[in-house]
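Here is a short tour of the structure shown below. Keep the 3D view open as you read, and follow along from one region to the next.

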Amino acid sequence: MDSDHVLSELSEIANGAFSIYYFESIDNENIRFVMDAGEHRDAIAAVLRESDAVQDVRYVPDSQLVITKRSSGVLPIIRANHGMFQKINRFNGTHRTFDVVAFSREELKRMIEELRELGDVHLGRLQPLGGPTRLLSARQLEVIVLANEAGYFDWPRRADAETLASELDITHATFLEHLRKAERKLIDETLSGASR
């Protein structure tokens, strides 16, 4: 963010990022969200209550705060371009990280262009919507579904690869190749998701 905003002041309280989520756009100028303030909740609440940009700070269970404040402009831009916050977003000083669902490349491009008026924008990872099976080819999906339903992954195995390959009218080696590639894609996707 090029401009200084009240959330940027919180980096003086603690090093590291705070998680913010459950955004609500109240009107064109004000937003409400939840922040996990951790052990710094009292200090953060005190700073926020001193700011003219903050209308309300409320304590909720555990270490969270519900904050109503003037928007920095990010949320209205994302909403105007039909974007949806997908999961926890973080901020640290003047740096903000948002996970956003965009429903078209055109809306995503427009969103980025408009956000650049507020500061530098770095596009992280683009990921298509859908479950992990979207990564698989039709044949890989067919192979791994058959293997799962037939009990190939059970212990002890209830089906062997040669029998399953013959059901699909492909060679044993081809069946194993499709199965290995499908497993690799699903494992990579799972580990990638766990590290985000």
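Let us begin with Glu177 and Lys181, whose side chains meet in a salt bridge at 3.0 Å, N to O. Please keep in mind that this is a predicted model. Glu177 and Lys181 sit four residues apart in helix α6 (residues 172–195), so they are separated by about one helical turn. An α-helix has 3.6 residues a turn, so residues three or four places apart point the same way.

How accessible are these two residues? Glu177 counts as partly exposed, at 37% relative accessibility. Lys181 is partly exposed too, with a relative accessible area of 36%.

## Other charged pairs

The structure holds six salt bridges. One of them joins the side chains of Arg158 and Asp154, at 2.7 Å from N to O. Here Arg158 is exposed, at 58% relative accessibility, while Asp154 is partly exposed, at 31%.

Another salt bridge links Glu24 with Arg32, and their closest N and O atoms are 2.9 Å apart. Glu24 has a relative accessible area of 36%, which makes this residue partly exposed. Arg32 is likewise partly exposed, at 32% relative accessibility.

## The open sheet

Now turn to the strands. Six of them form an open sheet with antiparallel pairing, in the order β3-β4-β2-β1-β6-β7. At its edges lie β3 (54–60) and β7 (95–97), each of which pairs on one side only. On average, neighbouring strands of this sheet are turned by 25° against each other, direction ignored.

Asn92 has His95 in β7 as its bridge partner.

Beyond its neighbours within four places in sequence, Asn30 is in contact with Glu24, Ser25, Gln55, Lys69, Arg70 and Ser71.

Helix α1 (residues 41–50) lies across β1 (18–25), β2 (30–36), β3 and β4 (64–70), and runs at about 160° to β3. Which residues of α1 are buried? They are Arg41, Ile44, Ala45 and Leu48. These four are on the same side of α1, because they cover an arc of only 100° around the axis. Asp42 and Glu50, on the other side of α1, are exposed. The cover over the buried residues of α1 includes β1, β2, β3 and β4.

Take a closer look at Leu48: setting aside residues up to four places away in sequence, Leu48 touches Val6, Leu7, Leu10, Val54, Val57 and Ile67.

## A last stop at Val101

Finally, find Val101 in strand β8 (residues 100–101). Val101 is buried, with a relative accessible area of 11%. Ala43 is 58 residues from Val101 along the chain, and 33 Å separate the C-alpha atoms of the two.

Conventions
Residues are numbered from 1 along each chain as its sequence is written. This is a predicted model: local features need pLDDT of at least 70, side-chain atom pairs count only at pLDDT 80 or more; totals for chains, interfaces and linings use all residues. Side-chain values use heavy atoms; hydrogens and water are left out. Two strands pair if DSSP finds at least two bridges between them. Helices (H or I, at least four residues) and strands (E, at least two) are DSSP runs, numbered from the N terminus. Axes are lines fitted to C-alpha atoms, for helices over the stretch in contact, and angles run from 0 to 180 degrees between N-to-C directions. Contact means heavy atoms within 4.5 Å. Buried means under 20% relative accessible area, exposed over 50%, partly exposed in between (1.4 Å probe, protein chains only). The arc is that of the directions from the helix axis to the C-beta atoms. A salt bridge is a side-chain nitrogen of Lys or Arg within 4 Å of a carboxyl oxygen of Asp or Glu.
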